[in-house]
Each structure stands twice: as C-alpha cells, then as structure tokens.
Amino acid sequence: MTSNAPGSPSPSSAPSSAPSPALGEALAAGPLVLDGGMSNQLESAGHDLSDELWSARLLAERPEAITEAHLAYFEAGADVAITSSYQATFEGFAKRGIDTARATELLSLSVESARDAARRARAKGVGRPLWVAASVGPYGAMLADGSEYRGRYGLSVAELERFHRPRLEVLAAAAPDVLALETVPDADEAEALLRAVRGLGVPAWLSYTVAGDRTRAGQPLEEAFALAADAEEVVAVGVNCCAPEDVDAAVATAARVTGKPVVVYPNSGEAWDASAREWTGRSRFTAAEVEGWRTGGARLIGGCCRVGPEAISAIAQVLA
C-alpha cells in the first residue's frame, strides 16, 4: 500500500468508517508513514511538558490536546499514530497520586484519543486507512532520568516482564492495531517485552534505540534483533529515537536477521540533555534519506523526537 501525499487524495478515496486492514497485511503490500514526535507537537501548541510524566500528563489534564496532535499528523500524511502512553505507567501515575483505576482509564484513553483523531481525519476528507499503535516505552522512561538511553537498570528479565505486563494488558484491551514496543535500550528488556506480549492477541513491533551498530546498553544489533526473529506476535522490527545516520546499517541488519518488515523513526539529529531536560544541537533529519531506508527494506517510516508534521508530510510525498 502506498500513502497518498497530503492534500492530494485519490478521487476514489472517499472518507470511510470501514475498518482498516490488518497492519501486517498492509506492510506486506508496501510502505506506510508513521507520525512524528508527540512531545514536540504538543510543545509547539504551547503545552508545558517539563515534568516526569511528559506528554502522558495531558491525558489527565488536557486529553483534547493529545487528539489534536494526532490529527495534525494524520492530516500531514501519517498512516499510523503512536499513542501518548510512552511514559504512562501505573508506577509513574502513582507518584502523582493517580490510583490504579484512574491510571487504567488514562491508558485506555491514550488509544481512544488516537482513534478519535482518525475519525476526525476521515470526516475532514482523509480517505486512506489509518492505524493506531499503542506506545509501550521502556522501564527507564518511567524513571525520567535519561536511563532509557542506557538500559542496564539492575533488574532481571523476569522483573522487567512483571513491570510491563499489567500496562500491556490494559493497552491490548483498548484494541489498538499494534503495540509499539519502542525506544528499547537493552536486549534484556526486549526479551522481557517479548515475553509480556505473548497471549495478548494484539500484534507488536519491537524498536530499539541504538548507537552505531549496538543497542544503547552495548549489545550487538544482530543479537538484539535475533530475539524477535521467531516471535509470532512481532510484525516489524527496527530502530527509533536514534541519530538519522545510524538508520541505514540498522535497517539492513534487522531485515537480514529477522526477515520481517522494518520500522524506522529516528530523531531529528538533535541530542537530549537529561539533566537540563532540553534538546541541543541542530536538526540533521532530511526526507531525502527516506528513499534509502525504503530501498534497504524499511516499510514503516516516520520520525521521533523533534520531527514534526512538516517532515512527515515530506516523508509521505516520498513514499507516495
């Protein structure tokens, strides 16, 4: 399947309420466009995200802002929206005095907000199929101290599985099209996540954050991707929240090791300063790289931190 460039829908692409085909089937047919960074879209709309819950705080305080951010990406040409649940965990919400029942509601709301944005996009004339990916960030995202870019938390695989499973169960019950196991810094955590998604009845993709040819925790990518090669639940593997220049080699490795479609959504190229809680440097993300990623085997392509609707629009035009 090829995405329509934003602003130029096919004459036959009338808005429809019909369900989208399974994401795995669509990936087999051709490349799809992922959205960009949720946080930068919210910040550009004037929302303050300078706390430990990051964009997940707005699920409780301004859920409409989340829906509007998703809608901006759908209108820009994204086929798949990633929910605002990256940093949403029972433990993280508990630190803010949010109990288990309310946290469950907010996790479910993250999926419904993206679904609502898809409905609004169709009402505004977007006729192509749209999908929702429920974001599952790493353990380190809950810590909000930058450790999601290091891994090696001192927890066993079994402990990490116990951390992730309750949130995954809630998100799966909200019926997303896919679970996005994303920004995973460590092969041990990937193993835990792959165990935790078993039996949930929802497909998943597994995406590492990397530095060169290794995970952030230092494991070779060949070994890290191999964990997902035989996982029936996994419909795509790849990388995100990394430098654009690290993508080409990772795409080739992921495709060769797993034989699965590859997902890529790097950062703009700027660097995150965890102590100052701000981005530094300049953007090096260009849509011109996208064709190379597709040629290398990428089938699900978008952007992560600091990549906004304008860049997603350019990606959609490249892939159209």
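The entries below take cavities and then helix pairs.

**Basis.** I worked from a predicted model, in which local features need pLDDT of at least 70 and side-chain atom pairs count only at pLDDT 80 or more, while totals for chains, interfaces and linings use all residues. I number residues from 1 along each chain as its sequence is written, and side-chain values use heavy atoms, with hydrogens and water left out.

**Cavities.** I looked up cavities (on a 1 Å grid over the protein atoms alone, sets of points where a 1.4 Å probe fits but cannot get out). I found 2 cavities of 30 Å³ or more. The largest cavity has a volume of about 270 Å³, volume being the space filled by probe spheres set on the points, which are joined across faces, edges and corners.

I then listed the lining (residues with an atom within 4 Å of a point). The largest cavity is lined by 22 residues, and M38, W54, Y86, E182 and C304 lie nearest its centre. I noted that α2 (38–44) and β4 (178–184) each supply at least two residues of this lining; helices (H or I, at least four residues) and strands (E, at least two) are DSSP runs numbered from the N terminus. By class, the lining has 9 nonpolar, 10 polar and 3 charged residues. Here Ala, Val, Leu, Ile, Met, Phe, Trp, Tyr, Cys and Pro count as nonpolar, Asp, Glu, Lys and Arg as charged, and the others, Gly among them, as polar.

**α4 with α6.** Axes are lines fitted to C-alpha atoms over the stretch in contact, and angles run from 0 to 180 degrees between N-to-C directions. The axes of α4 (residues 63–76) and α6 (residues 100–123) come within 8 Å and cross at roughly 50 degrees. The two helices are therefore oblique to each other (angles under 35 degrees count as roughly parallel, over 145 as roughly antiparallel, 65 to 115 as roughly perpendicular and the rest as oblique). α4 passes α6 in a right-handed crossing (the near helix is turned clockwise from the far one by less than a right angle). Contact (heavy atoms within 4.5 Å) involves residues including I66, H70 and F74 of α4 and L109, D116 and R120 of α6. I counted 9 nonpolar, 3 polar and 3 charged residues in this contact.

**α8 with α9.** I looked up α8 (residues 157–173) and α9 (residues 187–196), which pack at about 45 degrees with axes 8 Å apart. They are therefore oblique to each other, and their crossing is right-handed. Among the contact residues are E161, R165 and L168 of α8 and E189, L193 and R195 of α9. The contact divides into 7 nonpolar, 1 polar and 6 charged residues.

**α4 with α13.** α4 also packs with α13 (residues 309–319) at about 30 degrees, the axes being 8 Å apart. That makes α4 roughly parallel to α13. The crossing is right-handed. A72, Y73 and A76 in α4 meet P309, I312, S313 and A316 in α13.

Definitions and conventions:
On a 1 Å grid over the protein atoms alone, a cavity is a set of points where a 1.4 Å probe fits but cannot get out, and a pocket is an open set with protein on both sides within 12 Å along at least five of seven lines; lining residues have an atom within 4 Å of a point.
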